[in-house]
Amino acid sequence: MFQLVTEFQPRGDQSKAIQQLSEGVLQKKHAQVLLGITGSGKTFTMAHVIAKIGRPALILAHNKTLAAQLYQEFKTLFPHNAVEYFVSYYDYYQPEAYVARTDTYIEKDLAINDRIDKLRLRATCSLLEREDVIIVASVSCIYGLGLPEYFNAMKLSIKVGEERRRDELLLHLVELQYTRNDYELSRSHFRVRGDILEIVPAYEEDRGYRIEFFGDEIERISEIDPLTGQVKKRVEGLVIYPSSHHVTPEDVRLSAMETIRQELEERIDFFEKSELLLERQRIRERTNYDLEMIKEIGYCKGVENYSRHFSKRASGQPPACLLNYFPEHFLLFIDESHQTLPQIHAMHNGDRARKKSLVDFGFRLPSAYDNRPLTFEEFYQKIDQVIFVSATPGPWELAEAKGDIVQQIIRPTGLLDPVIEVRPATNQVDDCLDEIRIETEKGGRVLVTTLTKKLAEDLTKYLNEIGVKAKYLHSDIDTLERIAIIKDLRLGRFDVLVGIQIKRDFSAVKQPSFKHVVGQRGMCKGG
């Protein structure tokens, strides 16, 4: 099913690692470790294992930048298969919170990245439609998501020649949380002109569909360009998946509203007995408003806090997440496992601590606790087979592998580890500039690290003023712009990249020709 397209052949330790890991998976070994030094081509090894095994695969990374780099590499290696990207879609996120000490309520505020939202929806659609799927994800994949059963059951399927009333199709699209816009055709919107319905699915951007009716019969379905309206090709059938992962059938919504009301009455009774009258009034008004919104439009702001009721879970049961969309036999790679696993460990407790004050003071029902990331134990129970990938695996991974450790020490390029120099901080900027000029004359690129974001920006400005092509990179730059900056560096459009965190911001830059200059104090963390 997987077609690995590359002009390169496994070199060094790669052939042995591919064979051992593949045999381990076929022998049903639950956990293995790929211990490979930086630059040994672990991504290439993972790709060959996926191609040999032929199962859906999830590659888990510890940050968006590294995930984006892996996504681009796998997209290149598997151009004929479904390679998808699933990370947090927030460019900015201020979670809902209450600070009791100062009586301060902080409302949830966020900015959703439209393109990443599209990629997340495409990832789940691919998992429901095909087997040859590779998804590169961050730890956001363990956060609550709508049930795959609802997401799949509510899809709209139509074929040429079917008898379908146009108005019924429009109502179905509204149920899928698509919005009508008769002036502009864009993602997650549909347009109606007489007997012609045009729609751009939520998981597409440059591809739309035109559905033409003759009375109540679907006469023609065409794939079109949403901007120009030009027909690309005719299709015989079409499946439209929901615009959100949190869609629910009407009967489920009605049932959920009843259980929410029951929980509300129990909570009001609790506050009355505790003589907490302000909290009683607060939870009553807030929940009743949310129920009215759910009744009228199918959802409300913060509807995910009621997810336990919509999925009919008992208190404490784990929520559905991206892992629920995978078949049982999927293969998991945890890249940089020494950093990714601690992140997974920490997610649940932090989320619960924030929500405790919201529940205690009447801003949320106790069921809000169940809109949460998985605990580490719940996450690990969902895994069939896993390969931990790291240059420095931790003791837990090594113990879990039970001796199934595959080492990849020799770099395919034959390059050795670089020599590390520690220099005094005197005249450090001039010294850094000399090193930059030496390296750029040879056609190489340079990474410069600083201690603060402001210093990174100021140093970049100074370098540009004296004729050095430089850009800075730090956490204030959104995900997709970071990817573009790293791509420009690899293509040689500028020579110097300035940042503050080598492991996070530069982990996706895997070029052996880079020279790393440590700024500020002549030393680096761990140096």
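**Close-up views of two helix pairs**

**View 1. Helix H3 passes helix H15 in a right-handed crossing.** In this predicted model, H3 spans residues 64-77 and H15 spans residues 479-490, and the axes of these two helices come within 10 Å and cross at roughly 60°. Because of that angle, H3 is oblique to H15.

**View 2. Residues of H3 meet residues of H15.** On the side of H3, the residues taking part are Lys64, Thr65, Ala68, Gln69, Gln72 and Glu73, and on the side of H15 they meet Thr479, Arg482, Ile483, Ile486 and Arg490. When the residues in the contact of H3 with H15 are sorted by class, three are nonpolar, four are polar and four are charged.

**View 3. Helix H1 and helix H2 pack at an angle of about 40°.** Here H1 covers residues 14-26 and H2 covers residues 42-53, and their axes lie 9 Å apart. H1 and H2 are therefore oblique to each other, and H1 passes H2 in a right-handed crossing.

**View 4. Residues of H1 and H2 make the contact between these helices.** From H1 come Gln14, Ala17, Ile18, Leu21, Ser22, Val25 and Leu26, while H2 brings Phe44, Thr45, His48, Val49, Lys52 and Ile53 to the contact.

Terms used: Residues are numbered from 1 along each chain as its sequence is written. This is a predicted model: local features need pLDDT of at least 70, side-chain atom pairs count only at pLDDT 80 or more; totals for chains, interfaces and linings use all residues. Side-chain values use heavy atoms; hydrogens and water are left out. Axes are lines fitted to C-alpha atoms, for helices over the stretch in contact, and angles run from 0 to 180 degrees between N-to-C directions. Helices (H or I, at least four residues) and strands (E, at least two) are DSSP runs, numbered from the N terminus. Angles under 35 degrees count as roughly parallel, over 145 as roughly antiparallel, 65 to 115 as roughly perpendicular and the rest as oblique. A crossing is left-handed if the near helix is turned anticlockwise from the far one by less than a right angle, and right-handed if clockwise. Contact means heavy atoms within 4.5 Å. Ala, Val, Leu, Ile, Met, Phe, Trp, Tyr, Cys and Pro count as nonpolar, Asp, Glu, Lys and Arg as charged, and the others, Gly among them, as polar.
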